[in-house]
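Morning, everyone. Please bring up the structure on your screens. I'll keep this quick.

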Amino acid sequence: MKLPIYLDYSATTPVDPRVAEKMIPWLTEHFGNPASRSHAYGWEAEHAVENAREEVAKLVGADAKDIIWTSGATESNNLAIKGAAHFYASTKGKHIVTVTTEHKAVLDTVKELERQGFEATYIVPQENGLITPEQFAAALRPDTVVASVMAVNNEIGVIQPIAELGEICREKGVIFHVDAAQATGKMPIDLNTLKVDLMSFSAHKTYGPKGVGALYVRRKPRIRLEAQMHGGGHERGLRSGTLATHQIVGMGEAFRLARIEMTAENERIRMLRDRLLKGFQDIEEIYVNGDITERVPHNLNVSFNYVEGESLIMAIKDIAVSSGSACTSASLEPSYVLRALGRSDELAHSSIRFTLGRFTTEQDVDFTIKLLHEKIGKLRELSPLWDMFKEGIDLNTVQWAAH
Amino acid sequence: MFAPVYFDHNATTPLAPRVLEAMLPYLTQQYGNASSRHEYGRAARRAIDEARQQVAAAVGAHPTEVIFTSGGSEANNLFIKGVTGLLPKGVIAISAIEHPCVREPAKQLARAGWRLRELAVNADCRITSTDFSVALAEQPALISIMLANNETGVIQDVAQWAVQASGTLKKSASAWFHVDAVQAFGRVPLDFRMLNAAGVHALTLSAHKIGGPKGAGALVLDKRVALQPLIAGGGHERGLRSGTENVAAIVGFGVAAELAVTDLQTKATALSAMRRLLEEGLSQLGAYIFAAQVERLPNTSYFAFADMDGETLVGRLDRAGFAVAAGAACSSANPSPSHVLLAMGIAPELARGAVRVSLGVQNTQHQVHDFLAVLKQTLSELQKMKHSPQGNTEFITTAQARMQAHLPRDNDVATLN
């Protein structure tokens, strides 16, 4: 068994070897610039780019013409939100609706717009991480121009009711953007039926390469955007810059594989995830973060109470996971997602996100269960807080001496 | 596949084998997200750090001055919009021959209330001292001049212009000086320390023009310059460029940068020799060679034949096995001539005939000989056709057919990459 075991598939995934194989010829002999119009090197590259566009569109029930290539979901989110907000500000208004548990790529973009004079409403989800259609409808105003809600949360894996939210937006004439970076290959997406106007995708969360993503821009009814990157007028003028053929081919192949394999794969991964959860259930004082039903099958986010976050991460070095502890970001704040759900700082700090994937085995899961039992036990043995809890002292009533 | 001889290295370059070798492990094995704290993430972070050092070393910059982007277009957009976003509206000066990824952001600023001042060039594609001085008197807040032009290959003396700009402009005015070095990098020596001392504040680089992968570029930035990010969210690259790092491409960029500046002089000499051979032959065939008398990139030759349509010629050359570029935009039925040639004062009829050959180190003198033979043959065929009773009913070339097939697409790419 190769250590550390990778259980961080929501941070990024390996490129599937079948995808890598498809990419390599576009790095070597077929190296042309897809924008070159005067020779075969350019044409074959352009052809490959268009094939990939078809594949990306097929996975999400879209028309290939609706797909714009970007450098990744962060750029897609920026282009969608800023592009629509700027284009429609004068006709629709300058109010934006989003959710406190969105990815930074959305939150920071909205903050930037606020600095430019837009107003924003941030919906606080319920304790299970979900927002309700009622909450959403109440947040919309007559001057709301864009609403942005992620399909799947990156930390806790909960699935927001985007079909219902889309209906509300369409009815009220609000442009609806959905960050689907964590959703592709994890749940069915059908843009033929969803009332979504803009949707962001990433390749590297779905076994494709880093450095490429896409933005779905609906044409019927037509959504217009102000470009964020100007130049040669690539991608319908919405995103200029030489297209990275090999990366685009990789995204196309990754999305094709996801379309063909996702049903069976998700069943297998769900069983592994459930096995993991079951394996933890005899550990006292654990809390699953986020709704367990409305959730993608590969995510398990658990807080281990009475364990210090940083020590826990150090203790479980043999598995590669993310934690809600400060160490995952430059700031000292614990996970803002878990805080938004109403978790205490302590529980947010001691949370671990396990995300399973295509190459996770039963042995990996069993190893993890055993490791966590062992390490949680050890850490709690050393913890005075755990002793106090066992003695029945309510820690919230303890008066701590100040130093 | 029958592989045509590739003479279009200013559009993109083949990947150096060592670059591919360096990249592959970061796709399937070392696939961590560089922001992750575990070993997979740390390995990715180390790889990016090393690439940053390689790129910095190749252009004489400090690693902390290198901001990775998705490519040259993004780096140019980032600087132009990033700087102006924090300044009161004023004048932005760019040369008349800039790439669209400088021109278009500048035009966007003009729509938003900035005044766009184009710096004129002479018939040799060089910025003139007279016009530059006049432009400086208008106190531009930002000046952008490309080091080497993608079409003609002509090199501007950016250090001289930067010295003049920093000497003339009021101390109070923050005139930032930007240089798009995408085409120059790896073909002529580049020293950011020296340029920075002269008054250049930022350089744009691209990986795929130097034997690296598409999808990676960099803005080399003087840290005194305040910049607004183009892409927000997560705070990567010192907060100036958010988004999960494209580790494999960045690693490839690093190795390509290192290789590009290795034996640069030897490679330049070989390229110059090939080009001399090419241009001697072209002259014998009666070509007009643009900017032939001034300092150019050693690999680039840009020429036209009187009364000979560039599109037709490149289409024929393609079928004969040579991949070159035409100077006219092919996005309309009536191709508009290159804005670069028009800025040089070249007559539109001659500009419509423009053909660009851009050589690479893999090319050989033998290939140049073959090319000249094919060109001679093609020219005489086209001449014959022109004087035949059918007149202008030249059948459509493969290239033209392709181009016309693209017509319905809106906003098509209308430039030489």
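Start where chain A meets chain B: the contact takes 61 residues from chain A and 63 from chain B. This is a predicted model. Which elements of chain B give two or more residues to that side? Among them are helix H3 (39–58), helix H4 (72–84), helix H9 (247–261) and strand E12 (325–326) of chain B. H5(B) gives the most, with five residues. By type, the chain B side splits into 29 nonpolar, 23 polar and 11 charged residues.

Now confidence. The model scores ipTM 0.94 and pTM 0.94. Chain B averages a pLDDT of 91, and 90% of the residues score at least 70. Where does pLDDT stay under 50? Look at residues 391–399 of chain B. The model has 15 contacts for them beyond four places in sequence. Residues 404–414 of chain B are also below 50. Where pLDDT is low, the predicted coordinates should not be read in detail.

Last stop, inside chain A. Two packed helices are described by the angle between their axes and the distance between the axes. Take helix H1 (residues 17–27) and helix H7 (residues 245–280) of chain A. They pack at an angle of about 155°, with their axes 8 Å apart. An angle over 145 counts as roughly antiparallel, so H1(A) and H7(A) are roughly antiparallel to each other. Their crossing is right-handed.

Which residues meet there? From H1(A), they include A:Arg18, A:Met23 and A:Trp26. From H7(A), they include A:His246, A:Val249 and A:Leu257. The residues of this contact divide into seven nonpolar, three polar and three charged.

Note on methods: Residues are numbered from 1 along each chain as its sequence is written. Chains are lettered from A and ligands numbered from 1 in the order in which they are written. This is a predicted model: local features need pLDDT of at least 70, side-chain atom pairs count only at pLDDT 80 or more; totals for chains, interfaces and linings use all residues. Axes are lines fitted to C-alpha atoms, for helices over the stretch in contact, and angles run from 0 to 180 degrees between N-to-C directions. Helices (H or I, at least four residues) and strands (E, at least two) are DSSP runs, numbered from the N terminus. Angles under 35 degrees count as roughly parallel, over 145 as roughly antiparallel, 65 to 115 as roughly perpendicular and the rest as oblique. A crossing is left-handed if the near helix is turned anticlockwise from the far one by less than a right angle, and right-handed if clockwise. Two residues are in contact if their C-beta atoms, placed from the backbone, lie within 7 Å. Ala, Val, Leu, Ile, Met, Phe, Trp, Tyr, Cys and Pro count as nonpolar, Asp, Glu, Lys and Arg as charged, and the others, Gly among them, as polar. pLDDT is the predictor's confidence in each residue, from 0 to 100.
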